[in-house]
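Student: Could we go through this structure together? I would like to begin with the ligand and then turn to the strands.

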Amino acid sequence: MDRADSRDFLIRAAEPDDAPAISALLGRDGTFEGTLQMPDMPVVSRIEFLQRVDPHSCRLVAISGGEVVGMAGLHTQQPSLRRSHVRGLGIAIAPEWQGRGAGRQLMNRLLDWADQWAGVLRVELWVHVDNERAIALYRSLGFLEEGRHKAYALKNGRYVDSISMARLHPNPPRMED
Ligand SMILES: CC(C)(COP(=O)(O)OP(=O)(O)OC[C@H]1O[C@@H](n2cnc3c(N)ncnc32)[C@H](O)[C@@H]1OP(=O)(O)O)[C@@H](O)C(=O)NCCC(=O)NCCS
């Protein structure tokens with residue numbers, strides 16, 4: 001399959017009206033398995049969370065032909081002031097769009113938001129050990145493995161290990177002289 005580029009889709013902030021389409025994407029076969037989402041959940045089960053607007057979070061969508069083909073977000077982890085420099089990452093691409101560069105472009109946009117605008121020092125995530133594409137993408141963007149978590153999640157009838165990864169800001173902002 002040809003590699004897509006940014007002319008094939010638009011990346012923009014997710015709006016509350018996008019919530020049903022994002023929820024449907026998160027529940028699709030070929031997408032939910034790599035996350036902690038469940039199969040056969042109603043679209044409405046994720047709507048409330050996806051409609052919430054948090055100024056400390058960034059949620060992006062990739063749009064092609066008017067359809068949501070990918071989403072990615074950075075979210076505050078806990079309501080703790082002492083972790084206000086940390087965001088957790090989530091990302092999901094529609095099966096027919098995987099391996100075509102949408103994930104990388106969404107990640108680049110999120111990391112620009114985090115590095116240049118939001119004062120984020122640490123971005124962290126958990127990924128199933130068998131998710132080779134996701135791990136390759138994260139490594140290439142400077143995420144380092146921090147630990148392996150045995151039987152972290154149930155996946156299609158077996159317990160799979162998970163890897164925790166994090167990326168620290170490569171060049172944290174300083175005051176001008
Ligand atoms: C994991 C996921 C987000 C990656 O996004 P994507 O758009 O498919 O990935 P990209 O096309 O941007 O490729 C990213 C990199 O992965 C690598 N890659 C692609 N396919 C790969 C494969 N099968 N195995 C190993 N590496 C692979 C390539 O090196 C590519 O880097 P490049 O830009 O230098 O070529 C996406 O496949 C997805 O949503 N999967 C289902 C949900 C999921 O697993 N989410 C992550 C939860 S932690």
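Tutor: First, a term: helices here are DSSP runs of H or I with at least four residues, numbered from the N terminus. Please note also that the model is predicted.

Student: Which helix gives the most to the shell around the ligand?

Tutor: Helix 4 does, contributing six residues.

Student: And which residues come nearest to the ligand?

Tutor: Of the 22 residues around the ligand, the nearest are Gly34, Ile93, Gly103, Arg104 and Ala136. Two or more shell residues come from each of strand 4 (86–93), helix 3 (102–117), strand 5 (122–128) and helix 4 (132–140).

Student: How do the shell residues divide into nonpolar, polar and charged?

Tutor: Nine are nonpolar, nine are polar and four are charged.

Student: Changing topic: is Val69 buried or exposed?

Tutor: Val69 belongs to strand 3, residues 67–75. Val69 counts as buried because it has 23 C-beta neighbours inside 10 Å, the cut-off being 20 or more.

Student: What is Val69 in contact with, beyond four places in sequence?

Tutor: Its contacts include Phe9, Ile63, Trp97 and Ile93.

Student: Why is strand 3 described as largely enclosed?

Tutor: Seven of its nine residues are buried, so the rest of the structure largely encloses strand 3.

Student: How many bridges join strand 3 to strand 2?

Tutor: Seven, and the two strands run antiparallel; Ile63, for instance, has Val68 as its bridge partner. In their hairpin, with two residues between the strands, Gly65 adopts a positive phi near 55°.

Student: And how many bridges pair strand 3 with strand 4?

Tutor: Six, also in the antiparallel sense, with Met71 partnered by Ala92 of strand 4.

Terms used
Residues are numbered from 1 along each chain as its sequence is written. This is a predicted model: local features need pLDDT of at least 70, side-chain atom pairs count only at pLDDT 80 or more; totals for chains, interfaces and linings use all residues. A residue is near a molecule or strand if its C-beta atom, placed from the backbone, lies within 6 Å of it. Ala, Val, Leu, Ile, Met, Phe, Trp, Tyr, Cys and Pro count as nonpolar, Asp, Glu, Lys and Arg as charged, and the others, Gly among them, as polar. A residue is buried if 20 or more other C-beta atoms lie within 10 Å of its own, exposed if 12 or fewer, and partly exposed in between; C-beta atoms are placed from the backbone. Two residues are in contact if their C-beta atoms, placed from the backbone, lie within 7 Å. Two strands pair if DSSP finds at least two bridges between them.
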